[in-house]
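Have the model open while you read.

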Amino acid sequence: MTLTFENTDSTAGMSSGFAALGLSGAMLKATQNAGFTEPKPIQVQAIPPQLEGRDILGIAQTGSGKTAAFSLPILAAIVGLGTKRKPRTARALILAPTRELAVQIEETIRVLAQGLHISTAIVLGGVSRGSQVRRIAPGVDILIATPGRLTDLVREGDLTLAETRWLVLDEADRMLDMGFINDVRRIARATHPERRTALFSATMPVEIEKLARELLKEPVRVEVAPQGTTAGEIRQSLVMARLKQKRKVLSDMLADPAMSSVIVFARTKHGADRVARDLERDGFEAAVIHGNKSQNARQKALNGFREGKVRILVATDIAARGIDVPGISHVVNFDLPDEAESYVHRIGRTGRNGADGIAVTLCAPDEAAKLRQVERIIRMKLPVAASVLDQPDPAPAKGAAAPRDAEGDAGRPRHMPGRTPRGAQPQRDGKPGQGKPFQKRPGGGRPFGAEDGAKPAGAKPAQKRPFRSKRRPARGRAAA
Ligand code: AMP
């Protein structure tokens, strides 16, 4: 994958707009409703083949305009089908790895679908199941879902995918990271054999290439650079600091009012909580989102940040993935991510829509190996803007708790650093509530299609369990 940060807007100078892509009537109105005047590059590339019924393999990030790129052709196809839907079915299914992304997709589709008499529903973990079941009971046109809760509903017989003829897998690489890949395979197999499929991914690891080969029929490959779909530029730099120094470095940086809207990335959920706590103690209001927070708390934090009520959002990689908040001035990496590619996703939160962005990474000496991996991926050496390595560690606060309480905190005066985090163990964000592994459930019987394929690193081996309906046998490709 080539990572570039320069202007890649291939529509610059085009005047033909959405009509030239083959969209007509109601769909042009839909783009007007959304306030879109010119299509984005991903839309230029991806809409015409989908209108012709082709499958799509899209390499694009959130922020590129991919939601409209896959939604408009689906809306165009569904709009003529009328309102007679079979109970507990979905004509189109969009799978997203996180609740936040699913909510964002639904919001976009709702805007595009205004006045089209197209029904949408959303199925997510972490919120009431009953209301979701009631919503899909009469059948829906477009269902947006995270894989875990969707798997539950299919297994329980509250939903059948046998009538689903449009399938979108959004942020497939993140679904892989989160261990959803075999859920995704089962879900895809349960859909109509003649479905049209679009798979979008910011990166293309081998596992995703393999999934694409399994699920897509002669796809058209479309690709836009991950950052800067307009002329925005991200200035990246490093501040060298030991872990014990990072709290003070961060607080000192945030004293600069130019840091008007900041996402601080932490590697672990505990780390994110600790950073937010330390910031509050240092006099900064900060919201925090990670996988252990309830859906409501995450949405509230995100809304506060989006509306500018909170200047600083502390987030883990998975929680922040797919979040599109315009106007983020700075991204601060409190730690280097475990996976180098996350760095690209992190810094891509800033520098959007033509604005310039600044990304600062606090790097401790023991993170040198991770830094090298990041630099390999972005194909540049990050410049060191400052180093505090030659300065002594700030003294621990008076009355600090015993060192073993490293994640906790005693009250400390302003700008006093935190203690060393316990063991600094890497702790990946796990799946939030929605990601119940399929194989944990009791069950047996015939598998729901072909063999489960490759397993992502860290994923439990799949045990080929079918969706088993308590009401009626599952239908779909493999069960046919
Ligand atoms: P997405 O990558 O789908 O999350 O889209 C990122 C943002 O771009 C969203 O806020 C969309 O509303 C916006 N967007 C998508 N397509 C267009 C377009 N053609 N013109 C202007 N804004 C767009």
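Helix 6 crosses helix 8 in a left-handed way (left-handed means the near helix is turned anticlockwise from the far one by less than a right angle, right-handed means clockwise). Before going on: this is a predicted model, where local features need pLDDT of at least 70, side-chain atom pairs count only at pLDDT 80 or more, and totals for chains, interfaces and linings use all residues. Residues are numbered from 1 along each chain as its sequence is written, and side-chain values use heavy atoms, with hydrogens and water left out.

Angles under 35 degrees count as roughly parallel, over 145 as roughly antiparallel, 65 to 115 as roughly perpendicular and the rest as oblique. This crossing of helix 5 and helix 6 is right-handed. Helices here are DSSP runs (H or I, at least four residues), numbered from the N terminus.

## Helices 3 and 4

Helix 3 (residues 66-78) packs with helix 4 (residues 99-112) at about 45°, their axes 10 Å apart. Helix 3 and helix 4 are therefore oblique to each other, and their crossing is right-handed.

## Around the ligand

The ligand has 14 residues around it, with Glu38, Gln43, Gly63, Gly65 and Thr67 coming nearest (a heavy atom within 4 Å is the cut-off). By class, that shell holds three nonpolar, seven polar and four charged residues, with Gly counted as polar.

Now the polar contacts (N or O pairs within 3.5 Å). A backbone N or O atom of Glu38 sits 2.8 Å from a ligand nitrogen. On the oxygen side, a ligand oxygen is 3.0 Å from a polar backbone atom of Ser64, and a ligand oxygen is 2.5 Å from a side-chain N or O atom of Thr67. Taken alone, the ligand exposes 500 Å², and the protein buries 76% of that (Shrake-Rupley method, 1.4 Å probe).

Note on methods. Polar contact = N/O pair within 3.5 Å; in protein donor to acceptor, adjacent residues only side chain to side chain. Axes fitted to C-alpha atoms, helices over the stretch in contact; angles between N-to-C directions. Helix = DSSP H or I, 4+ residues; strand = E, 2+ residues; numbered from the N terminus.
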